[in-house]
Amino acid sequence: MRGLMRRLAAGVLLSAGVAAATVFAAAQETVLTVGVVAGSYWDAPTGNCYAVIDSVIDRFEQAHPGVRVEYTSGILKRDYSEWLAEQFLLGTEPDVFLVLPEDFGMLAELGALQPLDGLLAVDDTVSPSDFYAAALQSGSADGVQYALPYECAPTLMFVNKTLLGNEGIPVPENDWTWDDFYAICAQVTRDTDGDGIIDQFGSYGYTWRDALAANSASLFDETGQNCLIAQPASVEAITFAQKLEQLYADCDITARSFDEGHVAFRPFLFSDYRTYQPYPWRIKRYSDFAWDCIPMPAGLSGTGRSELSTVLAAISSRSTQQTLAWELLKELTCSDITQTMLYTDSHSASALRHVTQSPQTQQILRADTPGESQLGLEILSDTMEQAVAAPHFRAYDQALLLAESLVTAAMEDNHNLSLQLQRAQRELNEYLQN
């Protein structure tokens with residue numbers, strides 16, 4: 001009986017000791033929070049959308065004993081901006097969080113993001129030169145780096161190889177120009193069945209904003225204080241976009257027209273290529289024609305650049321764990337393992353040059369795409385290298401809506417496009433400066 005009592009007492013003492021140790025460990029544990037989006041920012045279908053972040057957390061926690069990383073799952077892209085804003089209002093925002101392109105300007109202006117220049121300057125494991133310039137610029141405002149690029153999607157030109165082959169036209173070379181683009185579009189836009197209705201088209205979805213980027217022109221300056229739509233390179237770009245649209249005057253051309261194989265060219269994001277080129281999605285989406293991607297055509301004054309869409313990662317300026325948050329931010333944006341996973345577990349591209357240009361990435365792209373595909377590391381890396389960052393000042397979305405309306409009206413007016421754009425520029429400058 002005494003032995004039983006001793007063992008029972010020892011068990012009670014042991015249990016109490018374990019409980020005390022657990023409480024002590026819990027008290028000593030540091031918790032970092034992360035804000036992430038469920039699914040793809042570019043609406044591409046994914047399997048386990050948390051595979052990358054879970055991998056990041058596992059490695060980070062192993063390297064930092066006593067630190068636990070948590071995130072809220074199930075926040076869709078359409079709800080994420082509102083959720084993040086609400087967390088800031090409550091003072092419960094994550095230490096580290098993804099920043100959608102449309103939110104960056106506002107968050108930077110409100111002082112919600114921790115400046116990173118000082119951290120970058122003293123950390124010899126990461127350098128601004130590691131990233132493609134446009135991707136890094138997406139996280140900069142007024143000369144201050146507030147965020148690092150997490151994932152990117154450049155714009156490429158989808159080509160209907162079957163349609164061009166039927167017309168006896170080779171797929172354009174990577175250094176093609178507006179003249180090449182227009183000549184092919186004019187040649188293939190026609191009535192193919194003799195019923196008097198044009199049913200085959202050169203392009204769909206190529207806009208004046210695509211033409212601006214391709215001609216090294218910009219809609220606004222970096223400060224968001226001035227509109228540049230009447231500058232010579234901008235006028236050239238919009239004149240070309242107007243000329244291209246006139247090919248399809250009174251034509252019924254839609255996205256379905258491309259899906260059904262009746263359009264030669266359509267700009268798409270790299271995420272779409274990664275979604276629909278591999279088997280079996282390629283068979284489900286575009287089964288009746290062969291297609292591929294090439295760079296965008298170069299303008300008269302440009303090199304065929306396109307706009308880069310970038311999801312960023314940042315640290316809250318109010319985080320009480322700045323050092324750990326910086327280490328976690330680097331694991332998200334600067335880790336070779338994390339960034340390579342973008343090519344296997346998502347449909348985006350890495351902003352790290354050495355990851356995107358690596359033999360491993362080349363193998364991944366080759367394994368996912370048919371043997372005749374032209375999209376290799378050279379095209380992808382060159383496109384990323386030449387890409388331009390979208391403006392991100394606070395009033396950008398509203399200013400862009402006004403610009404769309406004014407430029408569309410100018411293109412529809414057949415009288416002196418240059419003069420119409422000067423008027424549009426004046427109106428946009430008044431809006432921006434007031």
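**Figure 1. Burial and overall make-up of the protein chain.** In this predicted model, 51% of the 434 residues of the protein chain count as buried. The secondary structure of the chain comes to 20 helices and 11 strands. Taking contacts between residues at least 6 apart in sequence, 75% join residues at least 24 apart.

Figure 2. Strand S10 spans residues 307–315. Of its 9 residues, 8 are buried, and the strand is mostly covered. Strand S3 (residues 96–99) runs antiparallel to S10 and is joined to S10 by 4 bridges. Within this pair, Phe97 stands opposite Ala314 of S10. Strand S6 (residues 148–160) is also antiparallel to S10, with 6 bridges between the two. Here Pro154 has Leu308 of S10 as its bridge partner.

Figure 3. Glu307 has Val388 in S11 as its bridge partner.

**Figure 4. Crossing of helices H2 and H14.** Helix H2 covers residues 51–63 and helix H14 residues 322–333. Their axes come within 10 Å and cross at roughly 135°. The crossing of H2 past H14 is right-handed. On the H2 side the contact is made by Ile53, Val56, Arg59 and Phe60, and on the H14 side by Leu324, Glu327, Leu328, Glu331 and Leu332. By class, these residues comprise 6 nonpolar and 3 charged, with no polar ones.

**Figure 5. Packing of helices H19 and H20.** Helix H19 (residues 396–412) packs with helix H20 (residues 417–433) at an angle of about 160°, and their axes are 9 Å apart. Because angles over 145 degrees count as roughly antiparallel, H19 is roughly antiparallel to H20. H19 passes H20 in a crossing that is right-handed. H19 contributes Gln398, Ala399, Leu402, Ala403, Leu406, Ala410 and Met411 to the contact. From H20 come Leu417, Gln420, Leu421, Ala424, Glu427, Leu428, Tyr431 and Leu432. The contact of H19 with H20 has 12 nonpolar, 2 polar and 1 charged residues by class.

Conventions. Residues are numbered from 1 along each chain as its sequence is written. This is a predicted model: local features need pLDDT of at least 70, side-chain atom pairs count only at pLDDT 80 or more; totals for chains, interfaces and linings use all residues. Side-chain values use heavy atoms; hydrogens and water are left out. Buried means under 20% relative accessible area, exposed over 50%, partly exposed in between (1.4 Å probe, protein chains only). Two strands pair if DSSP finds at least two bridges between them. Axes are lines fitted to C-alpha atoms, for helices over the stretch in contact, and angles run from 0 to 180 degrees between N-to-C directions. A crossing is left-handed if the near helix is turned anticlockwise from the far one by less than a right angle, and right-handed if clockwise. Contact means heavy atoms within 4.5 Å. Ala, Val, Leu, Ile, Met, Phe, Trp, Tyr, Cys and Pro count as nonpolar, Asp, Glu, Lys and Arg as charged, and the others, Gly among them, as polar. Angles under 35 degrees count as roughly parallel, over 145 as roughly antiparallel, 65 to 115 as roughly perpendicular and the rest as oblique.
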